[in-house]
Amino acid sequence: MSLENHLDGFKSIKGYKAAGIMTFTGEMLAADSADPKVDLDMVGATFNDIFRSAHEASNKIGLGACNETLIKTPNGLILMGCSGVESKVHFHTIVIMDKDGNQALAKMTLEKMMQKVVDDLA
């Protein structure tokens, strides 16, 4: 299965703007955008840096690397997930939704997708 196919589950979620799968260093492996203003290569790498900083900060206080972050803005949200630093394959995901998007469904879809992507990349 192509990695892009794993992103299909997000496309029907209310408020979906874009989604991507990237290496833990921020290199985009698969991307989809329903919004021409969202350049996932650029914003994905930028938000990935924030996510990696959260990994380090949570480790420093003894909580372990974070598996998920949610950034809310007045006009939308950015959901990031991690396969796990101890996973067979360490990768990050990003989902961008508008402010009225179905955040709960996006989170559930992301959680279901993660193991399937690990299996494909391993």
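I looked up helix 4 first: residues 103–121, 19 residues in total, with 26 Å from the first C-alpha to the last, close to the 27 Å expected at 1.5 Å a residue. The expected span is 1.5 Å times one less than the number of residues. Helices here are DSSP runs of H or I with at least four residues, strands are runs of E with at least two, and both are numbered from the N terminus.

The model is predicted, so I note that local features need pLDDT of at least 70 and side-chain atom pairs pLDDT 80 or more, while totals for chains, interfaces and linings use all residues. Residues are numbered from 1 along each chain as its sequence is written, and side-chain values use heavy atoms, without hydrogens or water.

**Kink and packing**

I found a kink of about 25° in helix 4, centred on Met113. The bend at a residue is the angle between axes fitted to the seven residues ending there and the seven starting there.

Met113 is also one of the buried residues of helix 4; the others are Ala106, Thr109, Leu110, Met114, Val117 and Val118. I took buried as under 20% relative accessible area, exposed as over 50% and partly exposed as in between, with a 1.4 Å probe and protein chains only. I then checked what these buried residues pack against: helix 1 (3–6), helix 2 (8–11), strand 1 (16–23), strand 4 (76–82) and strand 5 (91–98). Contact here means heavy atoms within 4.5 Å.

**Salt bridges**

I searched the whole structure and got four salt bridges. The criterion is a side-chain nitrogen of Lys or Arg within 4 Å of a carboxyl oxygen of Asp or Glu.

I read both as partly exposed, Glu68 at 32% relative accessible area and Lys107 at 25%.

Next I looked at Lys11, whose salt bridge with Asp8 has its closest N and O atoms 3.0 Å apart. The two are three residues apart in helix 2, and therefore separated by about one helical turn. Asp8 is partly exposed at 37% relative accessibility, and Lys11 is partly exposed at 42%.

Lys11 has a salt bridge with Asp32 as well, with 3.7 Å between the closest N and O atoms. Asp32 is in strand 2 (residues 28–33) and Lys11 in helix 2, so the pair joins parts 21 residues apart in sequence. I logged Asp8, Lys11 and Asp32 as a salt-bridge network.
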